[in-house]
Amino acid sequence: MTEKTDLYPTTAEMVALRSVATGRALPDVIIRGGLVQSPGTEEWLERDIVISGRHIATLTPWGHFPEAGSSIDATGSYVVPGFIDTHLHIEYTNLTPGELARVSVARGTTTVLTDPNGAANVWGPRGMDFLLETQTPLHIFQQVSPTTPASTALETGGAIIPEETVLSRLHDDVTATLGEGNPFDYGDVSTNRFREALVAGRRITGHTAAQTSESLWGYLAAGVGDDHNSATIDEVLERTRLGAMVTIMGSSLTDNTIPLFSDLDRVAPALRSICFCADDKHALDISVQGHIDHHVRQAIAFGVDPQLAYRMATTHAAHYYRLDQVLGILAPSRLADLQIIPDLAQVHPDLVMVAGDVVARDGKALFTNDDVVPTWARDTVRLPSRLDPKIFEVHAVGDTARVRAMEMYNGYFKHAFETSLKVVDGLVKSDTETDVLKIAILDRHHASGEAGVGFVRGFGLSRGAIAISMNCPNMNIAVVGADDESMLLAVAELERMQGGFVTVADGEVLASVPLPIGGMMSDAPFEETAAALKAGHERTAELGCRIPSPYIILSFVGLYVVPDLGITERGLIDAFEQSFVDLLLPGPVESCGHGEV
């Protein structure tokens, strides 16, 4: 667990640092001959980096200290701090923290700020701690998950985090921010949570969900200080002009580096109020596309000055999240977390150092993941002993039924729309011709058999179904399909393998991605998980799905704090009103599959 206090030099280390900096003691390591990212100016400096133990003692002109315990030649290369991911859900990488470290640290991301809301929903507080712990060289700071559950009226969810636990964790040394909350919640509990975060000296992570004007103003008035949802330059400018930091998201849901850097003239006023996050990026995309290195590469490709692009990934984040006294800049007394980059535009580090140790070379980790997964982290998918075969049925009279449905766009956002579907033998059917498929969210925590059913456009399945065990944020089962039989088969397979992703069709399991750790993560080598994801995506595409990463998109169809609609195991929800709405039009509220609120 990354306790910030433990990262500062001890008194003995500080004595050694000062002795080395003044030339009275031999440095342990000197990084020689590189162009160093200046800690305080936008310059590349001709400097050697002088290291004592875990920390940087000083920066000197090239060759100032001729001797050291060892030297690393950076001639012809650039030396920059390790990258910082300012908002990540480790669960959505589908990797345990140690496996994430193996793939990400080698690419230069050495620090992550993580909101463990999935782990909180599955395991409670001990799950939050589990996502903060690794013996690998990855710094993990906490963004305290504030909404577990997001609403006791709209979902049953899994574990319940007591409010006193949320408030007390804001004062923990491992905490960087209050995690993302419901932007449409104006209640006393959430408001008190915001104030406590400010009192504790923490930033408040925002999830602004495409809000503007009064709606956005009301959210930021609670002290919310950043936003990772900005998908247009207008949104970036509106937020930064109100003092917010924009943490550009490059996830498996949507890559906002493309629209936000595509017009540099327009976005220019905001460029020094920008840093980066992956948010929800699975193992395959991280291993192929990159982690925060992807953001830097994109920014430079679109014309951002490399000095500024690298500062967005390091210094901007460190300063804003109040980590700059520890990491994120190459300066005296800070941790020696750095990387040597031969080509600024390619962003492939030759060497990565964390706390004074070389931990990766040429894109390969030099460490192993020896983290032990506790036994309680497994066997978390709990369904009734016999799942009701009629659980997905939607009843209606007549030959057609008018339904309220949602259409996916820009990753995980959803437009509400109305459409007519055929009714056969009193049951409303999916329509593969118009791509309106049935979707359901099932309780997988309490074996209650509770399920909410709706309809969604965007997945394009001509047959079969896909299912996952990590609906955001309550980590229930989500399944979308062309027919009820395929949906039932997919859910049964999820239960058999105790969580993960599955694609089925014609009575057969076509692909599966086992995620036995909480139904969210695998402790297998990241290479295996990435390969399973690749195969799953390919098999799903063969069924007509047009979404490149369909499993993670399915995770967010149910999210009811993102407009227009959401769905839980209790029914269909209007995101703006935070209340249940009818599935059938017109129809009684019971048609949503939920009870009274």
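UniProt positions are given here in the numbering used for this structure, feature names are shortened, and annotations may be inferred rather than shown by experiment. With that in mind, the unreviewed UniProt entry carries the annotation "domain: Amidohydrolase-related" for residues 78-359. The model is predicted, so local features need pLDDT of at least 70 and side-chain atom pairs count only at pLDDT 80 or more, while totals for chains, interfaces and linings use all residues. Residues are numbered from 1 along each chain as its sequence is written, and side-chain values use heavy atoms, with hydrogens and water left out.

Helices (H or I, at least four residues) and strands (E, at least two) are DSSP runs numbered from the N terminus. On this basis the span of residues 78-359 is 34% helix and 18% strand, and its end C-alpha atoms lie 18 Å apart.

Rings of Phe, Tyr and Trp (its six-membered ring) pair if their centres lie within 6.5 Å; planes under 30 degrees apart count as stacked, over 60 as edge-to-face and the rest as tilted. A search of the whole structure finds twelve such pairs. In one of them, the ring centres of Trp44 and Tyr78 are 4.9 Å apart and the planes stand at 70 degrees, so the pair is edge-to-face. Because Trp44 belongs to strand 3 (residues 44-52) and Tyr78 to strand 6 (residues 78-81), this pair ties together parts that are 34 residues apart in sequence. Trp44 also forms an edge-to-face pair with Tyr310, at 6.4 Å centre to centre and 75 degrees between the planes. Here the link is between distant parts of the chain, since Tyr310 sits in helix 14 (residues 306-313), 266 residues from Trp44. Together with Phe83, the residues Trp44, Tyr78 and Tyr310 form one aromatic cluster.

How exposed or buried are these rings' residues? Buried means under 20% relative accessible area, exposed over 50%, and partly exposed in between (1.4 Å probe, protein chains only). Trp44 is partly exposed, with a relative accessible area of 25%, whereas Tyr310 is buried at 0%.

Further along comes helix 16 (residues 484-496), whose 13 residues reach 18 Å from first C-alpha to last. That is close to the expected 18 Å, where the expected span is 1.5 Å times one less than the number of residues. At the start of this helix, a side-chain oxygen of Asp483 comes to within 3.2 Å of the backbone nitrogen of Glu485. Just after helix 16, Gln498 takes a positive phi of about 55 degrees. The buried residues of the helix include Met487, Leu488, Val491 and Leu494. Among the elements that cover its buried residues are strand 22 (436-442), strand 24 (465-468) and strand 26 (500-505).

Strand 26 is also the place of Thr503, which is buried at 0% relative accessibility. The side chains of Thr503 and Tyr551 are joined by a polar contact of 2.6 Å (a pair of N or O atoms within 3.5 Å; within protein, one must be able to donate a hydrogen and the other to accept it, and residues adjacent in sequence count only if both atoms are side-chain atoms).

Finally, Ser549 lies in the loop between helix 17 (526-541) and helix 18 (550-554) and is buried, with a relative accessible area of 5%. Leaving aside neighbours within four places in sequence, Ser549 is in contact (heavy atoms within 4.5 Å) with Ser252, His282, Asp285 and His537.
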